Amino acid sequence: MSTRIRAHWLLGSLCLLTAPALAVAPGETDAAKIMAAVQARPEGNRTKSRVLMMVKDSAGRERKRVVQSRAIDFPEGRKQMMLFESPADVRNTGLLSVDYDDGKKDDDQWLYLPSLRKSTRIAAGDKSGSFMGTDLTFADMTTQDPRDYAYKMLDANASEGGEACWLIEARPNNDKTATETGYVKTELCVSKDKLMPLRIKAWVKEGKKLKFIKFDDIQKLNGIWVVKKILAQTKRGDEVESKTIIAIQEVAFDQPDVKMEDFNQRRLEQGL
Amino acid sequence: MNPAYRAWGRFVVRHRWLVILGTLVVTALAVMGLKKYVRVDNSIEAFASTKDGDVQALLEQFRDDFGRDDAFLVLIEGDVFSLNYLKKLDQLHKELAGLNMEIPSLGQRKRDRDLARGRTPVARYVPPPRPSKVEPAKDEFADFDDMDADMANTANGDTEGWGDEAGGSIVDEVISVINVRRTRGVDGTLDVGDWMDPFPTTEAEARALGTEMKADSTLVGRVLGQAGDLSALVVRTHFMAEEDSNRLNTAISEILTKYEGPDFRTHTAGLPALGAQLNELMLSDMQGLFGYGLLLLLGTMFFLFRHPLGAFSPLLVVAVSAIWAFALAAVLGMPFTMMSNILPAFFICVGVADSVHIISVYRQMRADGLSNDDAIADAIGSSGVPVFYTSLTTVMGLLSFEFASVEAIGEMGRTGGLGVALAWVNTLTLLPALLTFNKKSLMGLKAAQGSDRLDAYVKHAVGLSGAPRGRALTLAVSSVIAVVALYFASTLRVWHNPLSWVPPEKSVAQAVMMADTKLGGASQIQLLVRGTGEYGVKDVRLAKALAQLDVYIRGYVDAKTGDKVVGNTISLLDVLRETNRALHNGQHEHYRVPDTQEETSHLFVAFENSDPSDLKRLMTIDASTAQMTITLKWLEATSYGPLTEYLEAGIAKFLPDKTVAVIHPTGSAYVLLTTVSALIGDLLSSFGVAFVVITLIMIVLLRDLKLGLVAMVPNLLPIAMILGFMGMANIPIDMANLMIASIALGIAVDDTIHFLHHFKVHYDEHGSVEDGIAYSVKHCGRALVLTSIILAAGFFVYLAATMYSLQRFGLLIGLTVIFALLADIYLTPALLRLTYKDRVAKARS
């Protein structure tokens, strides 16, 4: 399960937020239909990217990590390999993830630690848990099944930074989804033009927190809208507990050197 | 007779309606102010020392980094690894984890409260510098400024708080055997998950799991009892004010009641629960006993003065003054704390005593045939000066608490000082105005009253030192009492243990004892570990030193009891060792800190990738700071001194290199309890200052150096006696009674001032020592005994309290009142006869 999430995450800005032209008119008011269109978009393939992750806590302490990633689709889902570039003491530590489309099938993940000189399989974790200490959870990265939510149109004529959007409320309609995501509900501001969320506000059940996610620096690459920066912050009352920036520093699709035979444990142990 | 006070008395009599109306208006304003501004701060931190800024700053730093350092601890007795128990525990765990209630102060910390009150919060802890290879970059997080601005402008409004949304939990985390972490390596797979995932479905599975869990040293003493007949739920919430924490404790108790059964016996411990239950007990005692005490006072005064005005007026003076004082304190931003609880006692001491003195003189004047108005004016004229000085000395005594390093005590002193000053105002305004409504009553005194038993007793006591032999006997007995008292006072010990205030059969005491005997304990100390090297707290040298320190800490033996007190420790070490073992296929020999820096860094990556949420409670995101939580048995406060020394010796021994890390002990319990010893020193200096200032005031009042110094002897003897009594009765000095010496001084001084003032007035006029003493006895002897009876009775009511601390407080104050009276009617006349000789009367000025 967790592998699939991670695979989606690293390509988050690519696969989650790409926005092909789907048949939803700007005047559409059926929230479920809009969300189905948002979720059902195709994903880019043979991707190479370099991602910077920064987290800042309430005391102002910061942590930065840079990872290099490659991803490729296969008939049952998606494979991804990522390697820590910095900080120096974890350089060359690598992760191989296999994300199955079939939600019933557990995803696979292997971790390569150079000091052990072998890769170790990692068991699936908790979806509502923080992803590598960031403000995003594993569940934030995964593609959600629209059938697990009750959608409500809050405002069909909202705007976000001058951009027309729908303001939609999504509330889990079953305990499993509520537990997995950890959210009581979310509000999404979905761009009518790009058909992608521009902003998300989530009510986190544990600790009665609020999470705000903003998708920034959206650019069109090879005809695909790509979010280059994700800002996320978790608040409790007036206090900001932590902030996360995920910046896609480099990204390229359809790379010929991203080959299926490279996504295995042996290659993981050799590095990218 | 002081002409100015007499004139004031006449003024009040003439304008009684103005005075009463003015009092009513001010009281109404005060009640409104009180409602608007009153704030209760019963938090434990309110009693932490503010003098040692570093200690406070470290605690705040810990909270910045790791959240709340204390937690509710729910203990459940039963057959832990029976399926039935586990199912119930699972349900209870879920219900507690989902606990939701309106908490107005959620997230509020002492620092927030300090800021709200316009106080400067403690300075932030400045950690030692840490080398960094990364150049400071531009502030990438500046982007959030736009985001915050956008959020404020969003069309859908509410960006702060949950609004009307229901369903969230106020609980940060609940840890029990249900969800406690298990890191294992099975068939080459690293699995970081819950022990009970999947949940056992058969009795055999549950038992098998139990066998494994009981063998895990990280669980036993933390969430699992040593004998497997008890498990614990650790319920950690966000910060909140103490009153909300008390409500939460009630909500938890209500939930536990639903699950309670012979095979599932629940108890609550942990610092927040202990605080809540102590508060609850104290409040219930105070409410009941304060009411009874007041009734008793009223009854006694009614019996003595035989008129509603005589009974109610002094209490009205006290009540109005208390309302004014608390309102003024609230407006000035001073909160109501646990310490404020003793203020009504102060106000009653001063207000009632002064009023009783004035009424006693007043009724004597009435009995002597004066008109009501003249009697009032003469009573004010006669007692105005001593009443002023008794009030002034008490105010000075209270203000001396400014020297205490605990803010709550300083604030109590200021509020108390205000109250006493206002009680003085009301004694000279409201009381005479009320007395004007008396038509004919002599307030219990007969017009041609001869000596009754009380007068006979006072005369006998005062006259005992009239003859040289009696004088020598009085002085000798007083000296012997002083020596014996001082001897026992020297055996007094400082021993602060709030649990000893509670009868052992109370649930909170039992829960803490149970945590001590069956779990690792209910108390915690935290070590704040700041990594100063390149790898921060991920430094392998630090990990190795911590491993040695861990063993050393677990070996600590309390010198007083000879017991091992540390039940468990939780730190990054657990993560490192568990992950190392798991990555080596569960081989136990790898349950250790790895050998190299590279391995250590990689183990952290492996764990972070599997379950980063657990790391949040153990180290900061930048790996600069970590913490170790040490669970230990309940210790009384002074035992923390040796423990701290032991910890610091261990830190110096195993981590001498400050370029690797610096480690400091911290935590609420630690900070609070280490304050106590310092506080004793503070209060001694407060007492010293009060003593010197009061001596000077006595000299000024009496306009006589010799008499001023003589006066301090009967002031000090009751204090020596009460401290000696405490030593003899093995009552230790603790937070509940450490102000006893100052209160004793206040009470003793009041009696002495009244006695000596009247003596001085007469002696200056007539030059006769015996006549001066007789005059003083006539004017205040009876009142001294009456006030002492009233006050002692009022305080002895506290002997019926549930809490031992209140029983002791009532007993000690009551005894002080009696000791002070005895000193003034036996010793003071003896000293006067010894130090003064008859002389020619000087002309009346």
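Okay, let's start with one pair of residues: B:E77 and B:K518 form a salt bridge, and their closest N and O atoms sit 3.1 Å apart. Before I go on, a reminder that this is a predicted model, so everything I quote is computed from that.

Now, where does that pair belong?

Which strands build the domain 2 side? At least two residues each come from β1 (72-77), β3 (181-186), β4 (189-194), β5 (230-237) and β6 (265-269) of chain B. The top contributor there is β3(B), with 4 residues. If you sort that domain 2 side by class, you find 17 nonpolar, 12 polar and 12 charged residues.

As for the overall numbers, 41 residues of domain 2 of chain B meet 55 residues of domain 4 of chain B. The two domains bury about 3600 Å² between them, with 56% of that on carbon and sulfur atoms.

Leaving out residues up to four places away in sequence, B:G193 touches B:V180, B:R181 and B:R182. And have a look at B:D611 while you're there: in sequence B:G193 and B:D611 are 418 residues apart, but C-alpha to C-alpha the distance is 7.9 Å.

β4(B) pairs with strand β6 (residues 118-122) of chain A, in the parallel sense, over 2 bridges. If you want to find it on screen, look for A:R121, which stands opposite B:T189 in β4(B).

So what else is at the chain contact? In total, 58 residues of chain B and 63 residues of chain A take part. The area buried between chain B and chain A comes to about 5400 Å², and carbon and sulfur atoms give 53% of it. Which residues of chain B lose the most area to chain A? Those are B:F141, B:W162 and B:I621, and together they make up 15% of what the chain B side buries.

There's charge pairing here too: 5 salt bridges between chain B and chain A. One to click on is A:R236 with B:D172, where the closest N and O atoms are 2.4 Å apart. For polar contacts, the interface of chain B and chain A has 19 residue pairs, again with both at pLDDT 80 or more.

The elements of chain B giving two or more residues to the side that touches chain A are α3 (53-66), α6 (143-153), β2 (171-175), β4 and α20 (597-610). Helix α20(B) gives the most, with 9 residues. By class, this side of chain B has 17 nonpolar, 22 polar and 19 charged residues.

One last thing to take away: β4 of chain B is on the list for the side of domain 2 that touches domain 4, and β4 is also on the list for the side of chain B that touches chain A.

Definitions and conventions: Residues numbered from 1 in each chain as written. Chains lettered and ligands numbered in written order. Predicted model: local features only at pLDDT ≥ 70, side-chain atom pairs only at ≥ 80, totals over all residues. Heavy atoms only, no water. Contact = heavy atoms within 4.5 Å. Buried area = accessible area lost by both parts, 1.4 Å probe. Salt bridge = Lys/Arg side-chain N within 4 Å of Asp/Glu carboxyl O. Nonpolar A, V, L, I, M, F, W, Y, C, P; charged D, E, K, R; others polar. Polar contact = N/O pair within 3.5 Å; in protein donor to acceptor, adjacent residues only side chain to side chain. Pairing = 2+ DSSP bridges.
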